[in-house]
Every structure is written in structure tokens, then in C-alpha cells.
Amino acid sequence: KQLEARIHSLRHFLSVYFFSSLYLANMSDEDWDTKQLEAQIHKNRQDKRTNRLATIAVALTSSLLPSYLFQAVMDMDWTEYLPYYIVAPAMSAVLLTMAYQLFFEANFTHKAVAARKGVSADVAALERTLRYQVAMGYSLFFSNALFLALVLFFQLYVLRALDKRLNFCVSTLAAAGLVYWIAQANEKTVMSKKAKTK
């Protein structure tokens, strides 16, 4: 039975490989690239509501990561310090969510590509969706990496002499606030550059 299942899966693989190679042989490189681009974009497509919920979930997750350091290394027990583990990450998640939005707007809205001549509406829509995904990915990556680096810097170097509760709250909120401030400064810089080019 197991041998029959392996033979069946091998036959299926060979038939798919054979027919797909025949299909790809008749396709030009540009068509293949376009098909691959469309497949990747459609695979990652999200609506705005889903995207908003995803950014909030990512912000909450990033805000909770410093909690593990304090729980494991600095012996802040979850049951004893639960209010600290709720309030500080929640407030930093709000700041991170706003920072994500500002970085996204700076990368997507303000750096909009001028419409190219001779490009169909479908290709333009695909390019816009791809730019949207790239801008959101950059926003999430940069904000979270900066937040976690700042949290570690504050917790382990700047505020290490403070009480662990105060260290946790101040380092988490200061890092999130600094990321938000950098996002605002970035937005102002992008807007001033855009105003100069007009």
C-alpha cells in the first residue's frame, strides 16, 4: 500500500512536471515573469481591514517581546507584575501602530511612481499592489527592528540601575515613543523633499 502511494505520487509529479514544462516552453520570458509577479501579488493580497488587524497584532507581539526578557532574566513573575505586563505593552503597541502608519505613508503615498505610458490598467494595478506590499513590509521590519534594538539598549545599558518595574515600563514606552518620533521626523523630511521638487 505504501509503495502504491509512492508510485502514485511519483506519477502525479511527473505528469505535472511534464505538462508544466510543455506549457512553459511555449511561454516567453516576459509572460513567465508577469505570471510569477501576478501569482506572488495575489498570494499576499489583503484588504485594508485585514491589514489593519495584522499591524495591530504585529505591534502587540513586538511590544510583548521585552516581557519575556524581564520574566526570564530579571525574575518579574507574570502573576505578581501582571498590570505592568498589560499596560506598558498596550501603550507601546498603540505607538508602534501609529509609527507603522507613518512609515508606510512615507514609503507608499509620498513616493508614488508617476504613471508610465503604454502600461495597461492591469499592470498598473499590480504594480500599485506590489508597492503597497513592499511599503508595508519595510514599515513593519524597520519599526520592529528599531523598537527591539532600542528596548534592549535602554533595558540593559541606560536604565539597568533602576528598579525592574520602572525599567520595564520606561524602556518599553521610551523605545516605542522614540520609534514614533523617528517616524514623524521621517514623514516631515519626505514631505519637505516632495514640496521642494514641485
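What pattern does the chain follow when read along the sequence? The answer is α-α-α-α-α-α, with six helices and zero strands in the chain. Helices here are DSSP runs of H or I with at least four residues, strands are runs of E with at least two, and numbering starts at the N terminus.

A word on the ground rules: this is a predicted model, in which local features need pLDDT of at least 70 and side-chain atom pairs count only at pLDDT 80 or more, while totals for chains, interfaces and linings use all residues. Residues are numbered from 1 along each chain as its sequence is written, and side-chain values use heavy atoms, with hydrogens and water left out.

**The chain overall**

Of the 198 residues, 28% count as buried; buried means under 20% relative accessible area, exposed means over 50%, and partly exposed is in between (1.4 Å probe, protein chains only). The chain exposes about 13,500 Å², and carbon and sulfur atoms supply 64% of that area. Areas come from the Shrake-Rupley method with a 1.4 Å probe. Contact means heavy atoms within 4.5 Å. Among contacts with a separation of 6 or more, residues 24 or more positions apart account for 78%.

**Cores**

A nonpolar core is a set of buried Ala, Val, Leu, Ile, Met, Phe, Trp, Tyr and Cys residues joined through side-chain atoms within 4.5 Å. The largest one has 23 residues, of which L96, F104, F147, A175 and V179 touch the most other members. Helices α4 (82-108), α5 and α6 (164-197) each supply at least two residues of this core. Leaving aside neighbours within four places in sequence, F104 is in contact with T109, Y132, A135, M136 and S139. A second, separate core of seven residues includes M76, Y81, A88 and C169.

**Aromatic pairs**

The structure holds seven aromatic pairs. Rings of Phe, Tyr and Trp (its six-membered ring) pair if their centres lie within 6.5 Å; planes under 30 degrees apart are stacked, over 60 edge-to-face, and the rest tilted. Two of the pairs are set out here.

| Pair | Centre to centre | Angle between planes | Class |
|---|---|---|---|
| F70 and F168 | 5.2 Å | 70° | edge-to-face |
| F153 and F154 | 5.9 Å | 50° | tilted |

F70 lies in helix α3 and F168 in helix α6, so their pair ties together parts that are 98 residues apart in sequence. F70 is buried at a relative accessible area of 0%, and F168 is buried at 0% as well. Together with Y85, F70 and F168 form one aromatic cluster. Y85 is also in contact with L64, as is P89. L64 sits in helix α3 (residues 48-72), and its C-alpha atom is 8.7 Å from that of A93, 29 residues apart along the chain.

**Surface features**

F153 is partly exposed at 43%, whereas F154 is buried at 16%. V158 belongs to helix α5 (residues 121-158) and is partly exposed at 46%.

Finally, the count comes to one salt bridge, a side-chain nitrogen of Lys or Arg within 4 Å of a carboxyl oxygen of Asp or Glu. D163 forms a salt bridge with R165, with the closest N and O atoms 2.8 Å apart. D163 is partly exposed at 39%, and R165 is partly exposed at 33%.
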